[in-house]
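Have a look at the sequence and the structure first, then read on.

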Amino acid sequence: MKKNLSRTKAAYINSFIAAAAQFINLVFSFVTRFFFIHELGAVYLGLNGLFLNILNILSFAELGIGAAITFSLYKPIHDQDHESVLALMKLFRTIYRLIALIIFVLGMILLPFLQDFIANHNLNATVGNIYFAFFLALMNVVVSYLLSYKRSFVIAAQLGYLDSINRLSFNIVTQVLQITFLLTMHNFYIYLFIQLILTFVSNVRITTIANKRFPYLRDLSKAGKVSKEVIDYLKKNVIGMMSAKFGGVVVNGTDNLILSSFIGLTIVGLYSNYTLFLTGLSSVLTQGISAVTSSIGNLGSEAGSLDRQKNVFHQYQYINNLVSVFGSFGLALFIPDVIAMWAGKSYLLSAFVTFLIIENFFITQLRQSVINVTNAYGLYWFERYKAIAEALSNLIISLVLVAVFKMGIEGVLLGTISSNIFVNSWWEPLIVFQNKLHGIWKRYTINYLFALFTGTVLLGIQIFFVNKWLVEISILDLGAKILFFILSMMIAMAVFSLVAGISPLKLIKERLGK
């Protein structure tokens, strides 16, 4: 990418390539999961999901330091202050090596207690040595922190498309090898080992790319010390990010632990199929939406641009709302058919559970515009109490509904939805509007509420009525669902445009003109 490439074009290139790469990776993930299910079965699927949740919790050791340092890179990169960049990168490298060590030690301490997280299963008889399998999964996370600090620099420099291409290339190689060995050797350990090796090689490759593009990054031994002002900022924001990380870990990392502990691994396996689709689609949508974060951060470092920042935020929220309903409506209409054809009807969950899963996805996606602006402006310190409130409300409600009221997976999902509605929906935008974009709270809230209400009603109609009428996997039913999807999107777009006062055609012309 040329140095004089505009901020807008950089955002478009990063968004398009990130979303496209994530979509291709999503397709390969589905193919890999298909062979995983049919070669290893639901118990292995549940065990893999449990490992991912445990390791997500262990990643709490990162504390969000990476995001805080990435934000600190925006200004020196913009000013071409190589001395400050090198000092930050050296600090980044030291911290990430320490984090890798901490995660390894915590994982090894947890290793002997794995069986305590699994209800009603003698895994030694069904899947073999779960401890060795967990060790391989743990090492994959540890290795992901080695040599990855230069990945953050590439993204901060508005060259995120290079990282997207690198990730895609190695993900494809990883999954092709995993499928090959699943079909020939049916071995869970080899499946995990391939992932470990390719993660390390991927990090080596992105480091090589960064060094080639920015030769001054090659030798960090001559780097000076980070300034006191930046250190003070990092200390303050790491505390804020630690709280945010804690909230994210509890909300996203404990669902499978609760299900596994109270119900068993089979339900974890069924739920993980849905979350694979949701996580994959969320990654595609979020990659496209969040790829502009560095450009927003770059704009935020420019003096006298506040009015422009407010205008960009309103357009950003409008686009994010449309993207959120697009993904949610598509999931609501087609995910039951896809899972039935892909894994089998025995892997389907009820209509009510499906509604809760997709409603939670929808609400989470609506937050992305505020989340990415928060990241772009580095407002982590102000999130410290919000994250704790979110985590506690989610955990308490989920445990009460599952353990006391015996609601099963419905209780876990209602706990997450409750924390999103009662904590995140108002607290996160409040942080942005009180500390950066003053005076736009009312307009944001009206747009958000209309998007939430319209999307929820249409999702309910799709899942409880349309899907019940169109139950056959046929061309006729598929055509009817596509027509209903288009109609739903037209209704949503009309409502959002009317309420937000934004013309889609005018917005497209304005963006293409830059």
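## Ground rules

This is a predicted model, so local features need pLDDT of at least 70 and side-chain atom pairs count only at pLDDT 80 or more, while totals for chains, interfaces and linings use all residues. Residues are numbered from 1 along each chain as its sequence is written, and side-chain values use heavy atoms, with hydrogens and water left out.

## The whole chain

How many helices and strands does the protein chain have? It has 21 helices and zero strands. Both kinds of element are DSSP runs numbered from the N terminus, with helices (H or I) needing at least four residues and strands (E) at least two.

Of the 514 residues in the protein chain, 56% are buried. Buried here means under 20% relative accessible area, exposed means over 50%, and partly exposed is in between, using a 1.4 Å probe and protein chains only. The chain exposes about 22,500 Å², and carbon and sulfur atoms supply 69% of that. Those areas come from the Shrake-Rupley method with a 1.4 Å probe, and for residues only the protein chains shown count as cover. As for contacts (heavy atoms within 4.5 Å), take those in the chain between residues at least 6 apart in sequence: 85% of them join residues at least 24 apart.

## H6 alongside H9

Two packed helices are described by the angle between their axes and the distance between the axes. For H6 (residues 130-144) and H9, the axes come within 9 Å and cross at roughly 10°. Axes are lines fitted to C-alpha atoms, for helices over the stretch in contact, and angles run from 0 to 180 degrees between N-to-C directions. H6 and H9 are therefore roughly parallel to each other; the cut-offs are under 35 degrees for roughly parallel, over 145 for roughly antiparallel, 65 to 115 for roughly perpendicular, and oblique for the rest.

On the H6 side, the contact includes Phe-132, Leu-136 and Met-139, and on the H9 side the residues include Phe-188, Leu-192 and Phe-200. The residues of this contact divide into eleven nonpolar, five polar and no charged. In that count, Ala, Val, Leu, Ile, Met, Phe, Trp, Tyr, Cys and Pro are nonpolar, Asp, Glu, Lys and Arg are charged, and the others, Gly among them, are polar.

H9 (residues 188-213) is also where you'll find Ser-202. Ser-202 counts as buried, at 8% relative accessibility. Leaving out residues up to four places away in sequence, Ser-202 touches Arg-151, Asn-166 and Phe-170.

Leu-45 is buried at 2% relative accessibility, and Gly-46 is buried with a relative accessible area of 0%. Beyond four places in sequence, Leu-45 has contacts that include Arg-33, Phe-36 and Gly-269, while Gly-46 meets Leu-265, Val-268 and Gly-269.

Tyr-271 is buried, with a relative accessible area of 7%. Among the residues Tyr-271 touches, not counting those up to four places away, are Asp-255, Leu-349, Ile-357 and Leu-413.

## Helix H20

H20 (residues 475-500) has 26 residues, which at 1.5 Å a residue should span 38 Å; its end C-alpha atoms are 37 Å apart, so the two agree. The expected span is 1.5 Å times one less than the number of residues. Buried positions in H20 include Lys-481, Phe-484, Phe-485, Ser-488 and Ala-492. Just after H20, Gly-501 takes a positive phi of about 70°.

## Loops

Most residues other than glycine have a negative phi. His-186, with a positive phi near 50°, lies in the loop between H8 (160-185) and H9 and is partly exposed at 43% relative accessibility. Lys-406 also has a positive phi, near 55°. The loop between H17 (384-404) and H18 (409-435) holds Lys-406, which is exposed at 66%.

Lys-225, in the loop between H9 and H10 (228-253), is exposed at 82% relative accessibility.
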